[in-house]
Number of protein chains: 2
Amino acid sequence: MQSYHIRKKEREIKDINKIKGILKGGKYATISMCREKEPYIVTLSYGFDEEQFALYFHSANLGLKLDILKENSYVCGTVIEDLGYISGACSHKYRSIIFWGDMMIINEIEEKKHGFDVLLNHLEENPSKMKKQFFKTEKAYRDTCIIKLAIKSIFGKASE
Amino acid sequence: MQSYHIRKKEREIKDINKIKGILKGGKYATISMCREKEPYIVTLSYGFDEEQFALYFHSANLGLKLDILKENSYVCGTVIEDLGYISGACSHKYRSIIFWGDMMIINEIEEKKHGFDVLLNHLEENPSKMKKQFFKTEKAYRDTCIIKLAIKSIFGKASE
């Protein structure tokens, strides 16, 4: 991770507020995971918790990504703002971030509730309505898996 | 890889022509790489070679992704058609593919030329004009790195 540097310096986004803006504006992140030398990729809707500088995801309680995370929680992810390919210029315009961190399954019920709040506030236009609709009982929280990605390092890169 | 199966069967795209359609329509792929237990992610413009069922990418001749590929060429990638988040439904509409394969740096000049043709034909509206502009000499081919991803397995997944 420390070895990462952007070769084309003019493409680096240095302003942390711009980086946060990409995290706030994105709806989904694509995550690279490793089990031994076997790579895996998943794309997930997320909510951004600015205070903790973490992403929250929801998931079923079973699946390949959870199996892999139990073996290696260290992941690398990206959020991309696609600004479109420019024909005739051999160039694709974008703003993007790449980040590294640990992805942990949350078991504690209060943090699960917080994770759902972050997700609904990020994704939904009327989060309180959705909350009432989906989470009528504690069981509803228990039946869905909440995953937290605590971001340890992040880089922004753009070609605009 | 063999362990991959889609948990929600109704989301699987089984028609290979639909899967090819996503590959043909996409402009960039996001690739998960592993060096030992260290994950990495890159997003690259690509060209799809239907006959070889392979993707071609271009790159500078230096960089972290090339260092990682030299240690582990086995990658997992995705192409996503983002159809938008549906507010009020806790749902994101998409069509996507996930694939696995080996990513190889191409050194042989004729295959490099072929790779550039695939890329320009895929990405550009007027590929022959671009070709004349960029590749006036053999040196132009030598100075850019062409990478081939030979797809070994592929799955399609949609929520429409």
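**Figure 1. Surroundings of A:His122 in the predicted model.** In this predicted model, A:His122 is part of helix H3 of chain A. Leaving out residues up to four places away in sequence, A:His122 touches A:Leu23, A:Lys24, A:Gly26 and A:Lys27, together with A:Tyr46, A:Gly47 and A:Phe48. A:His122 has a relative accessibility of 15% and therefore counts as buried, the limit for that class being under 20%. One of the residues touched by A:His122 is A:Lys24, which also belongs to a network of salt bridges with A:Lys20 and A:Glu50.

**Figure 2. Helix H3 of chain A.** The 15 residues of H3(A) should span 21 Å at 1.5 Å a residue, and the end C-alpha atoms are 21 Å apart, in agreement with that value. At the start of H3(A), a side-chain oxygen of A:Glu108 comes to within 3.3 Å of the backbone nitrogen of A:Glu110. Which residues of H3(A) are buried? They are A:Lys112, A:Gly115, A:Phe116, A:Val118, A:Leu119, A:Leu120, A:His122 and A:Leu123.

**Figure 3. The salt bridge between A:Lys148 and A:Glu111.** Side chains of opposite charge can pair when their charged atoms come close. In the pair shown here, the closest N and O atoms of A:Lys148 and A:Glu111 are 3.2 Å apart. A:Lys148 counts as buried, because its relative accessibility is 12%. A:Glu111, with a relative accessible area of 22%, is partly exposed. Over all chains, the count comes to 24 salt bridges.

**Figure 4. Helix H3 of chain B.** Helix H3 of chain B covers residues 109-123 and has 15 residues. From its first C-alpha to its last, H3(B) reaches 21 Å, close to the 21 Å expected at 1.5 Å a residue. At the start of H3(B), a side-chain oxygen of B:Glu108 lies within 3.3 Å of the backbone nitrogen of B:Glu110. The buried residues of this helix are B:Lys112, B:Gly115, B:Phe116, B:Val118, B:Leu119, B:Leu120, B:His122 and B:Leu123.

**Figure 5. Two salt bridges of B:Lys113.** B:Lys113 forms a salt bridge with B:Glu110, in which the closest N and O atoms are 3.9 Å apart. B:Lys113 and B:Glu110 are separated by about one helical turn, because they are 3 residues apart in helix H3 of chain B. B:Lys113 also forms a salt bridge with B:Glu138, where the closest N and O atoms are 2.6 Å apart. Since B:Lys113 lies in helix H3 of chain B and B:Glu138 in helix H5 (residues 138-142) of chain B, this pair ties together parts that are 25 residues apart in sequence. How accessible are the residues concerned? B:Lys113 counts as partly exposed at 21% relative accessibility. B:Glu110 is partly exposed at 48%, and B:Glu138 is partly exposed at 36%.

Figure 6. B:Lys20 is placed in helix H1 (residues 16-25) of chain B. Is B:Lys20 buried or exposed? At 19% relative accessibility, B:Lys20 counts as buried, because the class takes residues under 20%. Neighbours within four places in sequence aside, B:Lys20 is in contact with B:Phe48, B:Glu50 and B:Phe53. The C-alpha atom of B:Lys20 is separated by 9.6 Å from that of B:Gly156, although the two residues are 136 residues apart along the chain.

**Figure 7. The contact between chain A and chain B.** The contact takes 47 residues from chain A and 47 residues from chain B. Together the two chains bury about 3800 Å², of which 62% is on carbon and sulfur atoms. Between chain A and chain B there are 0 salt bridges, while the count of residue pairs in polar contact is 19. On the side of chain A that touches chain B, the elements giving two or more residues are strands E2 (28-35), E3 (38-45), E6 (74-86) and E7 (91-106), with helices H3 (109-123) and H4 (127-134). E6(A) gives the most to this side, with 9 residues. The residues on this side of chain A divide into 26 nonpolar, 12 polar and 9 charged.

Notes: Residues are numbered from 1 along each chain as its sequence is written. Chains are lettered from A and ligands numbered from 1 in the order in which they are written. This is a predicted model: local features need pLDDT of at least 70, side-chain atom pairs count only at pLDDT 80 or more; totals for chains, interfaces and linings use all residues. Side-chain values use heavy atoms; hydrogens and water are left out. Contact means heavy atoms within 4.5 Å. Buried area is the accessible area (1.4 Å probe) that two parts lose on being put together, summed over both. A salt bridge is a side-chain nitrogen of Lys or Arg within 4 Å of a carboxyl oxygen of Asp or Glu. A polar contact is a pair of N or O atoms within 3.5 Å; within protein, one must be able to donate a hydrogen and the other to accept it, and residues adjacent in sequence count only if both atoms are side-chain atoms. Helices (H or I, at least four residues) and strands (E, at least two) are DSSP runs, numbered from the N terminus. Ala, Val, Leu, Ile, Met, Phe, Trp, Tyr, Cys and Pro count as nonpolar, Asp, Glu, Lys and Arg as charged, and the others, Gly among them, as polar. The expected span of a helix is 1.5 Å times one less than its number of residues. Buried means under 20% relative accessible area, exposed over 50%, partly exposed in between (1.4 Å probe, protein chains only).
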